[in-house]
Amino acid sequence: MVVTKFNEVLPKATAKRLPQYYRIFKQFVSDKVDRTNSQAIAAKLGVDSATVRRDFSLFGELGRRGYGYDTTALRDFFSDLLGDSADTNIALIGVGNLGRALINYRFHDRNKMRITQAYDVAGNPLVGTTTDDGIPVYNISDIKKNLPDADIETAIISVQSDKAQEVADILIDAGIKGILNFTPRRLEVPDEITVQSVDLTSELQTLLFFMNDKKEIAKRK
């Protein structure tokens, strides 16, 4: 749990922006920009500068008045905060269309995260094979045997919704501490397990809502 300088739990809205701040500062450093300000950060993030300053104030003095923010220092700060200073191995459960797309997505080109094992049921013809990137695809029944020596505490679920809870239970029993859930199913897990859900259908519906809302506003002008 990340706490603020006031010893309070970090607001969820701020927590969701942390990877974006990290990406922005990595780009600044890559572009050889040595220092920046809240206005420039806000413009890249699509929020107002007051939001940036409020977020940063929760961590203490990240910048200096009259100077701004040191991009290398802030890149390293957010890297440590997000745990990106060490490699993170990930297990993928479900090697269907979405699962294969996730395997081909090169997390490690952008961050120190990588899928190192994949799992599916015995009926999937990919079980027992190895991907072009060298990722072995195992039978889900082998997960409890494989994980202890694999340094994996994080897993991605990309199975059918009606199987999501069953898979989550298997993962937790095998020692997984964090789950990225790509199904619309709300997972019931113990308090010590962290779950982040990505519902692509809901995200698309939200996108369409805002698109239609803008069209209606334009009609009234």
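Glu188 lies in the loop that connects strand β7 (178–181) with strand β8 (194–197), where strands are DSSP runs of E of at least two residues and helices are runs of H or I of at least four, both numbered from the N terminus. With a relative accessibility of 60%, Glu188 counts as exposed, a class that begins over 50% relative accessible area, whereas buried means under 20% and partly exposed lies in between (1.4 Å probe, protein chains only). The model is a predicted one, in which local features need pLDDT of at least 70 and side-chain atom pairs count only at pLDDT 80 or more, while totals for chains, interfaces and linings use all residues. Residues are numbered from 1 along each chain as its sequence is written, and side-chain values use heavy atoms, with hydrogens and water left out.

Together with Asp162, Glu166 and Asp169, Glu188 forms a patch of negative charge on the surface. Patches consist of residues with over 30% relative accessible area and no salt bridge, like charges being joined within 9 Å and nonpolar side chains (Val, Leu, Ile, Met, Phe, Trp, Tyr) within 5 Å; a salt bridge is a side-chain nitrogen of Lys or Arg within 4 Å of a carboxyl oxygen of Asp or Glu.

A nonpolar surface patch is formed by Leu204, Leu207, Leu208 and Met211, which together have about 370 Å² of accessible area, as given by the Shrake-Rupley method with a 1.4 Å probe, only the protein chains shown counting as cover for residues. Leu207 belongs to helix α9 (residues 200–220) and is partly exposed, its relative accessible area being 45%.

The chain contains 9 helices and 8 strands, and buried residues account for 35% of its 221 residues.

Definitions and conventions. Lys, Arg positive; Asp, Glu negative; His and termini not counted. Charge placed at Lys NZ, Arg CZ, Asp CG, Glu CD.
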